[in-house]
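Here are a few friendly notes to read alongside the model. They cover the chain contacts and the strand pairing.

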Amino acid sequence: MDLFLLMARHGYALTFSLLLAEAVGLPFPAAIALVAAGAAVAAHGLWGPYVLLVAVTALLLGDTVQFWLGRYMGWLLLGFLCRVSINPETCILRSAESFYKRGKVTLIIAKFIPGVNTMAAPLAGSMKMRFWQFLRLDFLGALVYASTYLAIGFLSRDFLKAVLRGFHVAGRAMEAVIISALVVYAIYRIVQYRKYRMYRVVPRVQVQELAARLASEDAAKVLIVDVRSHGYYDSGAARIKGSIRIEPNNLEEELKHLSKDKDIYLYCT
Amino acid sequence: MLREKGFHTFVIVGGLTAWRKAGEPVESVPENDLVKLPTFS
């Protein structure tokens, strides 16, 4: 179906849903939805101020959810949002430091920066920003973001129509691209599966078995190692008594301090 | 990687959750090991 037709028929609901989805961290093209909505406004299919209101409301709602999740889930949520990063812990700390250094006004421009847009609200929650202050800055950010893309759509309606016509012509090429992407994804999953199977060769021990060994004279040969990469955010966090922590993302360096004379028992959450 | 480097390594089935469920002793993570985010407050 034509994007403009879709926007003219279900524009408000579509704009609200896509923006809310993006604000809660899902990979949806919210900016494209806003541009299309702007074009629909230019074609008198939608009423501009109402679209803006719907867009800002959706963004604020999603960001507020993220803010409170960030406040109460801390590392867990941030780790999930950073999961595509090679080093999730570094991703979290770098984002936090960058946010802290640039100040709270980062919230106003965050939505324009891929990656930062998803992290900004939960980081603000995790970093104990006051809620009303967050809401004020986030409202400004949402307003600037939605207005900008709506204006782009409004001003470039004819150009967008031409681009969409181009997409229809290039439909077959797109199908080929999608099929290729699916094949690549399937290969990636197979590689991951094989890698996972390889990890199964590491011997696994039950808690009771280890506890019995710790209670025996053999205990001195045991080293229990906590390999959680995050989860240390909340004060009062616990670990197995007598265990030490090594950072899995810094394993090369950590290995220098480990003894080969001991049996190493690894655990995470 | 640990095994590749010659370390004799095992994995505890169920991790910390299973350890706790079995009633085995835990301790607080030392302050030095905590990695905290900067805060605005």
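**Notes on the interface and the strands**

1. Please keep in mind that the model is predicted: local features need pLDDT of at least 70 and side-chain atom pairs count only at pLDDT 80 or more, while totals for chains, interfaces and linings use all residues. Residues are numbered from 1 along each chain as its sequence is written, and chains are lettered from A and ligands numbered from 1 in the order in which they are written.

2. Between the chains, 38 residues of chain A are in contact with 34 residues of chain B (C-beta atoms, placed from the backbone, within 7 Å). Elements of chain A that each supply at least two residues to this side include α5 (88–102), α11 (207–215) and β3 (238–240). The biggest contributor is β5(A), with five residues.

3. By type, the side of chain A that touches chain B has 23 nonpolar, six polar and nine charged residues. Nonpolar means Ala, Val, Leu, Ile, Met, Phe, Trp, Tyr, Cys and Pro, charged means Asp, Glu, Lys and Arg, and the others, Gly among them, are polar.

4. Within chain A, β2(A) (residues 222–226) runs parallel to β5(A), joined by five bridges. β2(A) also runs parallel to β4(A) (residues 244–245), with two bridges. V225(A) has L266(A) as its bridge partner in β5(A) and stands opposite I244(A) in β4(A).

Terms used:
Two residues are in contact if their C-beta atoms, placed from the backbone, lie within 7 Å. Helices (H or I, at least four residues) and strands (E, at least two) are DSSP runs, numbered from the N terminus. Two strands pair if DSSP finds at least two bridges between them.
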